[in-house]
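The following account leads the reader through a single protein chain.

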Amino acid sequence: MARICPGLLLWMTVAALASRGVQAWDSKKVTREFQDIPASYVYVQQALWFAMKEYNKASKDTYVYKVMNVLRSQEQVTDSLDYLLEVEIERTQCKKISGKTGNCSAQEDPQMQKAFYCTFIVASKPWKFELQMLKKECSPI
C-alpha cells in the first residue's frame, strides 16, 4: 500500500470541507436577509421586551426607560431568528428600585426628560426559550 503524506491528507480534508460549504466558527449562515415585519408580531414584542430589560439592567440611570415609538422592525433567519429593532426610548417616572416597568408614564418635567434613538439586534431561539442581545447602540435624540 502507498503511504499518504500527513500534510497532503490534511490539505485534502480542508479542501473537502471547504467544498461542502463548512462555515467559520463564529459566522452565521443567513437563510433569509432582514425583511420588514409588523411591530405587533409576537416575536418582535418578545425581542423588544428583552432588549429593554437588558438596556435597563445595564443603564446607570435610576429611572426605567421604555419604548415610546418603534421606527422599524425586521426579521432575519439564520440558525436563530434575528430581530433588528429601531426604536425611540424615553425615561419614565418609575424608579428601578420600585420594580415597576409596565405602566410607567414618561417624565413630564423638562429637566428630567431624556430620550434616545436605539438600534437593537436580538437573536431568538423560541424553540429553546433563548434570547441573546447581539447589538445595542443608542444615541441621544
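**Architecture of the chain**

Among contacts in the chain between residues at least 6 apart in sequence, 64% join residues at least 24 apart. The model is a predicted one. The chain holds two helices and five strands, and from the N terminus on these elements follow the order α-β-α-β-β-β-β. Of the 141 residues in the chain, 31% are buried. The accessible surface comes to about 9800 Å², and carbon and sulfur atoms account for 56% of that area.

Because 11 of its 15 residues are buried, strand β3 is largely enclosed by the rest of the structure. One of its partners is strand β2 (residues 63-77), which runs antiparallel to β3 and is joined to it by 12 bridges. A hairpin of three residues leads from β2 to β3. Within this pairing, Y63 has K95 of β3 as its bridge partner. Strand β3 also pairs with strand β4 (residues 115-125), again in the antiparallel sense, over 10 bridges.

D82 counts as buried because its relative accessibility is 2%, under the 20% limit. Its side chain makes a polar contact with the side chain of T78, at 3.4 Å. Leaving aside residues up to four places away in sequence, D82 touches K28, F34, Q74, E75, Q76, I121, V122, A123 and L134.

Helix α2 comprises residues 42-58. Its 17 residues should span 24 Å at 1.5 Å a residue, and the end C-alpha atoms are 25 Å apart, so the two values agree. The buried residues of α2 are V44, A47, L48, F50, A51, M52, Y55 and N56. An α-helix has 3.6 residues a turn, so residues three or four places apart point the same way. The cover over the buried residues of α2 includes β2, β3, β4 and β5 (130-140).

The loop between β3 and β4 contains A106. With a relative accessibility of 18%, A106 counts as buried, because the limit is 20%. A106 and V64 are 42 residues apart in sequence, yet their C-alpha atoms are 9.6 Å apart in space. Beyond residues up to four places away in sequence, A106 touches M68, E90, R91, T92 and Q93.

Two disulfides are found in a search of the whole structure. One joins C94 to C104, with an S to S distance of 2.0 Å. This pair links distant parts of the chain: C94 is in strand β3 and C104 in the loop between β3 and β4, 10 residues apart. The link of C94 and C104 is left-handed, with -105° about the S-S bond. C94 is buried at a relative accessible area of 12%, and C104 is buried at 2%.

The other disulfide is formed by C118 and C138, whose sulfur atoms are 2.1 Å apart. Here too distant parts of the chain are linked, with C118 in strand β4 and C138 in strand β5, 20 residues apart. The torsion about the S-S bond of C118 and C138 is about 115°, and the disulfide is therefore right-handed. C118 is buried, with a relative accessible area of 0%, whereas C138 counts as partly exposed at 32% relative accessibility. When the bonded cysteines are numbered in sequence order, the pairing reads 1-2, 3-4.

Methods:
Residues numbered from 1 in each chain as written. Predicted model: local features only at pLDDT ≥ 70, side-chain atom pairs only at ≥ 80, totals over all residues. Heavy atoms only, no water. Buried < 20%, exposed > 50% of the residue type's maximum accessible area, 1.4 Å probe, protein only. Helix = DSSP H or I, 4+ residues; strand = E, 2+ residues; numbered from the N terminus. Pairing = 2+ DSSP bridges. Polar contact = N/O pair within 3.5 Å; in protein donor to acceptor, adjacent residues only side chain to side chain. Contact = heavy atoms within 4.5 Å. Expected span 1.5 Å × (residues − 1). Areas by Shrake-Rupley, 256 points an atom, 1.4 Å probe, with all protein chains shown as cover. Disulfide = S-S within 2.5 Å.
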